[in-house]
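Hi,

Here is the structure I promised to hand over. Have a look at it first, and then read on for what turned up in it.

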Amino acid sequence: MSAQKNLAEKHCAISGLGQSDVGRRLGRDPLELTLDACYAAIADAGLTPADINGLATYPGGMAVPKGFTGAGAYEVLDAMRLEVDWYDSGVETSGQLGSVMKACMAVAAGMADHVLCFRSVWEGSAQGSGGRSSLGPGGGGGGRGGRGGKIYAGDFQQWMLPFGSAGAPIWVALFAQAHMDRYGTTPEQLAQIALNGRRNAEVNPKAIYRDPMSLEDYFNSRMITTPLRLFDCDVPCDGATAFVVSRRELAEDLAKPPVYIEAMGSAIHDRPSWDQLRDITRTVGTDAAAQMWGRTSLTPADVDMAQIYDGFSYLTMLWLEALQLCEVGGSGPFVEGGTRIARDGALPLNTAGGQLSGGRLHGYGFLHEACVQLRGEGAERQVPNKPEVAAVAAGGGNTCGCFLVTSVG
Amino acid sequence: MTEQSTTIVVLPELTDRNRHFWQGGENGQLVFMRCQDCGYYLHPPVPICPKDQSKNLAPEAVSGRANLASYSVNHHQWIPGFELPYVVALVEIVEQAGLRLTTNLVNCPLEDIRIGMPVRVVFRHLEDPGGDVWLPLFEPEGDGQ
């Protein structure tokens, strides 16, 4: 095991949480939402902007896809007049929470004491009344427009777009169909991810979709690309989430009880690809999760709740298996009926509604909700019996990352 | 559907690194870059073989036979002009384990689709002033073929 290693995350704790208003289409300046979250996180920790000497964000400034990022690192550094000793942003990292991992490493390396981390989106407003962006989800189209109704697809999109494989819903659907075929996972089982998210969103005032949803409602939602229906796809929104990652001994003297980072995982040993993978039924987080468990003496049996990426419902199923919270291939029976993953079940899952019903805050929402629950601040949606250990995972495909966070040091 | 009148054709942007793949269909051939020293097919193509670091690479045709690794029947109009529904497929080329293409399954009734079924390449020719391309699509490998 790794007990003798100098593990970066053991030197850190999450000392502050902040989140802006969240809505389907707020029509607000995305920089304002970003700053709302950042200032809130700093105040929550009992710090001031002058205390912040590090900054990390995902993905940083990007013009396309529109709405994918509400502010870059430089914009926020300047708008807040921060004076930092270390900063970083980037989209090619271990999922959205890769930015938080880098913050931990910066603190452990002595580059900063209090790192502000943020993720900001305004995809709801950016898409206007139209549908989800079709070309270039989560990383740009990689092509150029042409004349006469032609598009020229470059880079990795050349292998996808000419065949109408126009985005992550289809790529994930291919994984899902292969998994269903191999393990017998049923549409009724898959539906539980969406239904569970909606039940939790009903008691989250910030969630986007709060009306009750039945299994029948789920099956009445239109098929996007088999086996994924509309309610298997997350909902674009506007909103920003921020954390302060602090040096552990400093965090223990701040305003709120620290959330400790027990372990993190960033590994990718398979190809960073959507079709050239070793096993298309194990496409999400397997290596990152194995690495995470290798950095702690805790085991999957110690996990009290899970906050797991649900950009598409099937990603949550695959993450449950990768995190070893159920058997490989066993995610369908594990979630069947929904009682085990309910707030009062053995493994409460996505207690803020996830991205399916809560809104696509893109990775950061899961870590935020884990911290809220570990602090006991979940109000109407608080998980009973004082949860102490949460598994958090963000990202789809195998470019992703995970955390184990705890309320006890 | 919507009242869209536009149709968008999506072509790969041809480069020196990918031309062999997208134009192999002119001769009815599915062509991958292959390491001439260790025999590994490189896809997507890169300039150096990751298995033995060889730069001795050349395009080579494979049989065009594959197995259906997965599929999705798409009902959403992502790109104007694509006729719905269409089947996006993941096929594994028989010459090398894990060598896959994202493609379309064609000439196959939806109710006959089975993961694992043998398929073979057919090409769709797209004309373009910058260089014609041939998209490799796949259809069921018929009886006795």
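In chain B, 50% of the contacts with a separation of 6 or more are between residues 24 or more positions apart; two residues are in contact if their C-beta atoms, placed from the backbone, lie within 7 Å. Before you go further: this is a predicted model, where local features need pLDDT of at least 70 and side-chain atom pairs count only at pLDDT 80 or more, while totals for chains, interfaces and linings use all residues. Residues are numbered from 1 along each chain as its sequence is written, and chains are lettered from A and ligands numbered from 1 in the order in which they are written.

Staying with chain B, 32% of its 145 residues count as buried, that is, 20 or more other C-beta atoms lie within 10 Å of the residue's own, with C-beta atoms placed from the backbone. Its C-alpha atoms fill a box of roughly 55 × 40 × 25 Å along the principal axes. Chain B has one helix and nine strands, in the sequence pattern β-α-β-β-β-β-β-β-β-β. Helices (H or I, at least four residues) and strands (E, at least two) are DSSP runs, numbered from the N terminus.

Now for chain A. You'll find an open sheet of nine strands there, in the order E3-E2-E4-E9-E1-E10-E13-E12-E11, with mixed pairing. Two strands pair if DSSP finds at least two bridges between them. The edges are E3 (86–89) and E11 (305–308) of chain A, each pairing on one side only. Inside that order, E4 (114–122) and E9 (238–247) of chain A are antiparallel, with nine bridges; A:Phe118 has A:Ala242 in E9(A) as its bridge partner. Helix H1 (30–44) of chain A packs on the sheet and touches E1 (12–19), E4 and E9 of chain A.

How do the two chains meet? On chain A, 33 residues are in contact with 32 residues of chain B. The elements of chain A giving two or more residues to this side are E5 (143–145), E6 (150–153), H5 (168–183) and E7 (223–225). H5(A) gives the most, with six residues. By type, this side of chain A has 16 nonpolar, twelve polar and five charged residues. Ala, Val, Leu, Ile, Met, Phe, Trp, Tyr, Cys and Pro count as nonpolar, Asp, Glu, Lys and Arg as charged, and the others, Gly among them, as polar.

One last thing to look up: E6(A) and strand E1 (9–12) of chain B run parallel, joined by four bridges, and A:Lys150 stands opposite B:Val9 in E1(B).

Cheers

Technical notes
Axes fitted to C-alpha atoms, helices over the stretch in contact; angles between N-to-C directions. Buried ≥ 20, exposed ≤ 12 C-beta atoms within 10 Å, placed from the backbone.
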